[in-house]
Amino acid sequence: MARAKILDMLTHALGGDVFAAELVLMVLISKVHTRTETLTLGKFSLNLSGCKIDAREQLSLSEALSSVIAMVCPANAHLPFTVPALNARSWTPKKDYVFNRLRAGPLQLAASTVLVLDETILEAGTLTETGIRNVDALKALTTLQDLEYDFQYHQMRMPVDVPVIIASDTKSIIPVDVVLPLRRVRAPKVVAATEEELTLIRKFIAGMRMMKHIISEETSKAIEAEIVSARQADTTLTQDALHRMLTMARLHALSQGTDEVTAQTWKKTVEINRRI
């Protein structure tokens, strides 16, 4: 019931795109589970392109999506991605030595906060040094899940866990794990849910985020064999792409309410990637 209801709410917010709703749900339950010097595993960021604002619509897609996420997740942030906003101030924490305190930035968010960036309102303009640093901070957030704290005389990178969804007209300038052209058939809409339904959805999302996935030895060997075969067939297939597919397989299983990644889960993930 919880899964069906949240997918219905997301589908309405995304203008009727059921496939996009499935991927957004994967973002909502994603969580960083392993870090190395070069890899951050478990993260999953999504760019929904084709979200251009229609003047006839009362609610923008990013507003509708953010409203739904706010109802079902512990915390969310909805930021306008524009040149003036990027140039106005530092989006990362910065030490103020005059008052001897750390000034917070819009990207200083609590763990598990879902960040929705609205790039549909981005217009041509010139970025200042501050704006360029903010764009770099967003790139680090989506690719490495870390955030730079500026202490003026030195910078410190802090690990974070902030799932990111970018709504844009064309492909975003910020790199993400998956770029999906939105196929909407109607105007974005926020559908109502009872408090009982919202409670079940919140428990479902929280439970899936905390659940550890299982891969049997047999399934692991089968997936490994398929990966080797795929890399032989396509030499351009990168390690990052393979890690992304494994993350998506895990998230797809969790979104179904199960902790086990099976051979069928892997096949479904391959199909999802073909549709992207």
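Leu117 counts as buried at 1% relative accessibility; buried means under 20% relative accessible area, exposed over 50% and partly exposed in between (1.4 Å probe, protein chains only). Leu117 sits in strand 7 (residues 114-118), where helices (H or I, at least four residues) and strands (E, at least two) are DSSP runs numbered from the N terminus. Leaving aside residues up to four places away in sequence, Leu117 touches Leu79, Phe81, Trp91, Leu138, Ile165, Ile166 and Ala167, a contact being heavy atoms within 4.5 Å.

Please keep in mind that this is a predicted model, in which local features need pLDDT of at least 70, side-chain atom pairs count only at pLDDT 80 or more, and totals for chains, interfaces and linings use all residues. Residues are numbered from 1 along each chain as its sequence is written, and side-chain values use heavy atoms, without hydrogens and water.

Now to the salt bridges. A search of the whole structure finds 10 of them, each a side-chain nitrogen of Lys or Arg within 4 Å of a carboxyl oxygen of Asp or Glu. Here are some of the pairs:

| Pair | N to O distance |
|---|---|
| Arg3 and Glu22 | 2.9 Å |
| Lys5 and Glu197 | 4.0 Å |
| Arg157 and Glu148 | 3.1 Å |

Arg3 lies in helix 1 (residues 2-13) and Glu22 in helix 2, so this pair ties together parts 19 residues apart in sequence. Glu22 is partly exposed, at 22% relative accessibility. Lys5 and Glu197, by contrast, are both buried. Arg157 is partly exposed, with a relative accessible area of 42%, and Arg157 and Glu148 belong to a salt-bridge network with Arg133, Asp146 and Asp150.
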